[in-house]
Amino acid sequence: MPSNSTKILLLTTLMSGVLVSVSSNSWLGAWMGLEINLMSFIPLMSNVKNMYNTEASLKYFIVQVLASATLLFMVVMKTLTEDLFTLDENAYTPMIICTPLLLKSGAAPLHWWFPGVMEGLSWENCALLMTVQKAAPLMLMSYLIEINTFTLSIILMSTVVGAIGGLNQTSMRKILTYSSINHTGWMLIALTMGENLWMAYFMVYSTLALTVVSAIKLSGASFINQTMMTNKEATLVKFMMFTSLLSLGGLPPFLGFLPKWIVIQAMIMNSLAPMATLMVVTSLITLYYYLKISYSSFMILNTEPKWNLSSYKSKKTSNTKALTLSSISLTGMMVCTIIANIY
Ligand SMILES: *[C@@H]1O[C@H](CO)[C@@H](O)[C@H](O)[C@H]1NC(C)=O
């Protein structure tokens, strides 16, 4: 495990990698930023005392290096084959350059590494992997993406895999992974309709992912069945965990519905209503099983032990953090709607 000062250093270089990548004006610079970002994340993940962390960091390293090497190769090929006089570009070039970036961000047909890597990580690293690590590849994709059969099928596959993959999962990390794959699909469609839309979606999604992770961390449960037996004092934590999960699933009164609403509206205005319908249908599957696990954990299968040796002790700071974040996730959309209607 890296020491605290090493962690600060690595987090700084990780963020600078993202910044270098999104602000560079050549593909070579963008590739370099991605590489800086990757080389800072690997030592953050690995841990000598935990075999699973090391395994996950190795898997992540191999996949991401494959993607970076492919990206570099494609970029060099593009430069070498470009016709200098006519500036002709092959119609497939944007899609070909997009593919390694899709692999990096974990969109559907290239998502296979994602569940395995997430399963072996600590919650902090899971949160990083779901949010910050997606920023640079998605931002780079915004230079290339356009609405065509390729993009639409990637998006549809991401939302379907996210919805079907999460069915019958009991591991919280797996559920969050499939939710992340699904949200990558929604972020890609937001990206085709403008960077601001994507930015709004990404901000809200990152906040919600952080909320869920901090509530789950507080509860100490890695699997759904561990939430079914709780002491009286821990019911608040359980409440925060499941309401923020439902918010992440886009259930209407919560904040998670806001970006979904905006994206659906933008899609209809861009005459993408059939696609919007398909995506909403997949989100209904998701909401069905999210509601099922929340309902059974709160009502049917809930038991309270009469005695408990290890009484629940909450850490004050992380409790406050989770409380603040989950009250944002609970009331965020209602507050936004009220403010928008007053003016
Ligand atoms: C996918 O995202 C949509 C929109 O936010 C949401 O309604 C749906 O529940 C999500 N599905 C999963 C698996 O998270």
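This is a predicted model: local features need pLDDT of at least 70, side-chain atom pairs count only at pLDDT 80 or more; totals for chains, interfaces and linings use all residues.
Biologist: Thanks! Which residue forms a salt bridge with E124?

Modeller: A salt bridge here is a side-chain nitrogen of Lys or Arg within 4 Å of a carboxyl oxygen of Asp or Glu. The partner of E124 is K217, and their closest N and O atoms are 2.9 Å apart. This pair links distant parts of the chain, with K217 in helix α10 and E124 in helix α6 (residues 123-130), 93 residues apart. K217 is partly exposed because its relative accessibility is 46%. As for the helix numbers, helices (H or I, at least four residues) and strands (E, at least two) are DSSP runs counted from the N terminus.

Biologist: How many salt bridges does a search of the whole structure find?

Modeller: The search finds three. Another one joins K174 to E119, whose closest N and O atoms are 3.6 Å apart. That pair also links distant parts of the chain: K174 sits in helix α9 and E119 in helix α5 (residues 113-119), 55 residues apart. K174 counts as partly exposed because its relative accessible area is 21%, and E119 is partly exposed at 30%.

Biologist: And which side chain meets K59 in a salt bridge?

Modeller: That is E55, at 3.3 Å from N to O. Here both residues lie in helix α3 (residues 51-81), four residues apart, or about one turn of the helix. K59 has a relative accessible area of 34% and is partly exposed; E55 is partly exposed too, at 41%.

Biologist: Now for the nonpolar surface. Which residues form the nonpolar patch?

Modeller: Patches are made of residues with over 30% relative accessible area and no salt bridge; like charges are joined within 9 Å, and nonpolar side chains (Val, Leu, Ile, Met, Phe, Trp, Tyr) within 5 Å. In this model L236, F239, Y295, F298, M299, I300, L301 and L323 make up the patch, and together they have about 780 Å² of accessible area. That area comes from the Shrake-Rupley method with a 1.4 Å probe, and for residues only the protein chains shown count as cover. Helix α13 (273-300) gives the most, with four residues, while α11 (235-248) and α13 each supply at least two. L301 is in the loop between α13 and α14 (316-342).

Biologist: How should I read α11: is this helix mostly covered or uncovered?

Modeller: Mostly covered, since 11 of its 14 residues are buried. The buried residues include V237, M241, F242 and L248. They pack against α9 (172-192), α10 (195-219), α12 (257-269), α13 and α14, where contact means heavy atoms within 4.5 Å. To check the length of a helix, take 1.5 Å times one less than its number of residues as the expected span. For α11 that gives 20 Å, and the end C-alpha atoms are 20 Å apart, so the two values agree. Just after the helix, G250 takes a positive phi of about 80°.

Biologist: Which residue other than glycine has a positive phi near 60°?

Modeller: N168 does. N168 lies in the loop between α8 and α9 and counts as exposed because its relative accessibility is 71%. S271 also has a positive phi, near 50°; S271 is in the loop between α12 and α13, and a relative accessible area of 62% makes it exposed.

Biologist: Last one: what does helix α8 pack against?

Modeller: The buried residues of α8 (residues 149-165) pack against α4 (93-105), α9 and α13. Among those buried residues are I154, I155 and A163.

Definitions and conventions. Residues are numbered from 1 along each chain as its sequence is written. Side-chain values use heavy atoms; hydrogens and water are left out. Buried means under 20% relative accessible area, exposed over 50%, partly exposed in between (1.4 Å probe, protein chains only).
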